Amino acid sequence: MTTAPERSPVQQFTMLAGVQSEDPFEVYARVGCVPPFWTDNPNDVDGFWVVTRYSDVRAVLQDADSFSSVEAFIPKIAMPNPMLPTESDPPATRKYRSILLPEMTPEKIDPLEPRMHAVCAEIIDSFRDRGHCDVVSDFAREYPIRIFVEFFGLPPERREEFRGHAHTFLHSPPQRPTEWTAIRTIVKEELSAKRESPARDLLSSIANGQIDGELIDIESATNVAATVFLGGLDTLPSNIGWSLGFLASHPQMRRRLIEDLSVIPHVVEEFLRFYSVANPVRRASRDIEVGGSLIRQGDRLFLIAGRADRDDAEFEEASCVRFDRGVNRHLAFGAGAHRCLGSHLARHELAVALAEWHERIPEYRIPEDVEVSFHGGVLAMGSLPLVWDV
Ligand code: HEM
């Protein structure tokens, strides 16, 4: 049995919800890679553990027996229905994932690549002659949603509405229950239609998926589909924004990429590590020690992947972006029972975005005297103005 003191050490921690004026990764850099510490703040008065070290974050993610994903939200928010598979524990998690996994394999995703190139090219060409754009609103948010709605099977003309719901859900925690209900209403309607007449899309596979040999019930199918909807809509724009923001201000590294586009898969992996935008949460299902701290059954943990992935104990020169990094076991997609199901799709989309952008606009910069804004929640750039010569 551990001798560690209870809920100690205690440290201040800022949740970073909503619009931020400071780069959230810099805020997390100041927190450091330290043993788990206890904190409370106005957004979550019950308090929770903050986990920053790579080894601790990985250990928690890989131990679903001791760390539950049910009732783990930080801040604590009661949702009217569970997000699935996110708010489930094994063995149920595996059952929900078994419906999605066959649809997310390279065999299913790779054929989408020509469409990704075409959509990217069309969007970039729409503003290239202008000599400026806001990367976040004109490109990073526009491209992934166009691919996603086709893959998922939602009516493309409603994409602004879908994007709005996903964005509010992910970046404004108090509005989550209302947004979740709105998203469920949309996907439930579509799922019911796809049960009647299935198409070749993910919604049809979910609508007609089987659990333990039985057709999945419509409520569970809705919870699964609504979760994919959220996973697929906001994380990619965040990563595209960070990547182009970095390359805009590091011309030598940008030139390396332009001279040899074959380096892109390594660049994607390194940006996923350096800008790990999603921070998972868990709740201890028993008393357990993590990194020297005693976590009590029922305590919740906030796992800062965006800090852990810059931990010098795991990555050489962790605070530098290196396109020649060899082993890169980053936690951007999580690990263990809930590892991201969309990782193959995400990697593909990011690689295509970098290739198409640099073929069309190889030289660009952030104009002087502009304010770049940021978002908490899924860590994102709120805006990123870029200019180039035409
Ligand atoms: C750069 C892009 C992305 C990042 C950084 C990301 C990150 C993550 C992370 C960290 C988790 C694990 C959460 C946890 O352990 O509690 C996760 C889960 C998930 N992601 Fe992603 N994701 C991305 C893109 C996508 C896309 C494009 C999709 C779908 C099309 C998707 C669908 C999902 C789903 C369904 C889960 C839940 C898996 C489960 O609970 O078993 N993600 N994602």
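This is a predicted model: local features need pLDDT of at least 70, side-chain atom pairs count only at pLDDT 80 or more; totals for chains, interfaces and linings use all residues.
The phi angle of Arg 7 is near 40°, which is positive even though the residue is not a glycine. Why does that deserve a second look? Most residues other than glycine have a negative phi, and most peptide bonds are trans. As for its surroundings, Arg 7 counts as partly exposed because it has 18 C-beta neighbours inside 10 Å, a count that falls between the limits of 12 for exposed and 20 for buried.

Stay in this part of the chain for a moment. Pro 9 also lies in the segment before β1 (19-20), and the peptide bond leading from Ser 8 to Pro 9 is cis, with omega near 0°. Another cis peptide bond links Ile 74 to Pro 75, this time with omega at about -5°. You can find Pro 75 in the loop between β4 (67-68) and α3.

Further along, look for Glu 317 in the loop between α15 (305-308) and α16. Glu 317 is not a glycine, yet its phi is positive, at about 45°. Is Glu 317 buried or exposed? It counts as exposed, because 9 C-beta neighbours lie inside 10 Å.

Now let's turn to a pair of helices. Two packed helices are described by the angle between their axes and the distance between the axes. For helix α7 (residues 142-152) and helix α8 (residues 159-171), the axes come within 11 Å and cross at roughly 105°. That angle makes α7 roughly perpendicular to α8, since angles of 65 to 115 degrees fall in that group. Where they meet, α7 brings Ile 145, Arg 146 and Val 149, while α8 brings Arg 159, Phe 162 and Arg 163. Sorted by class, this contact holds three nonpolar and three charged residues, with no polar ones.

Finally, let's visit the ligand. Which of the 24 residues around the ligand come nearest? They are Gly 231, Gly 232, Gly 334, Cys 340 and Gly 342. The largest share, four residues, comes from α11. Taken by class, the shell around the ligand is made up of 12 nonpolar residues, 11 polar residues and one charged residue.

Terms used: Residues are numbered from 1 along each chain as its sequence is written. Axes are lines fitted to C-alpha atoms, for helices over the stretch in contact, and angles run from 0 to 180 degrees between N-to-C directions. Helices (H or I, at least four residues) and strands (E, at least two) are DSSP runs, numbered from the N terminus. Angles under 35 degrees count as roughly parallel, over 145 as roughly antiparallel, 65 to 115 as roughly perpendicular and the rest as oblique. Two residues are in contact if their C-beta atoms, placed from the backbone, lie within 7 Å. Ala, Val, Leu, Ile, Met, Phe, Trp, Tyr, Cys and Pro count as nonpolar, Asp, Glu, Lys and Arg as charged, and the others, Gly among them, as polar. A residue is near a molecule or strand if its C-beta atom, placed from the backbone, lies within 6 Å of it.
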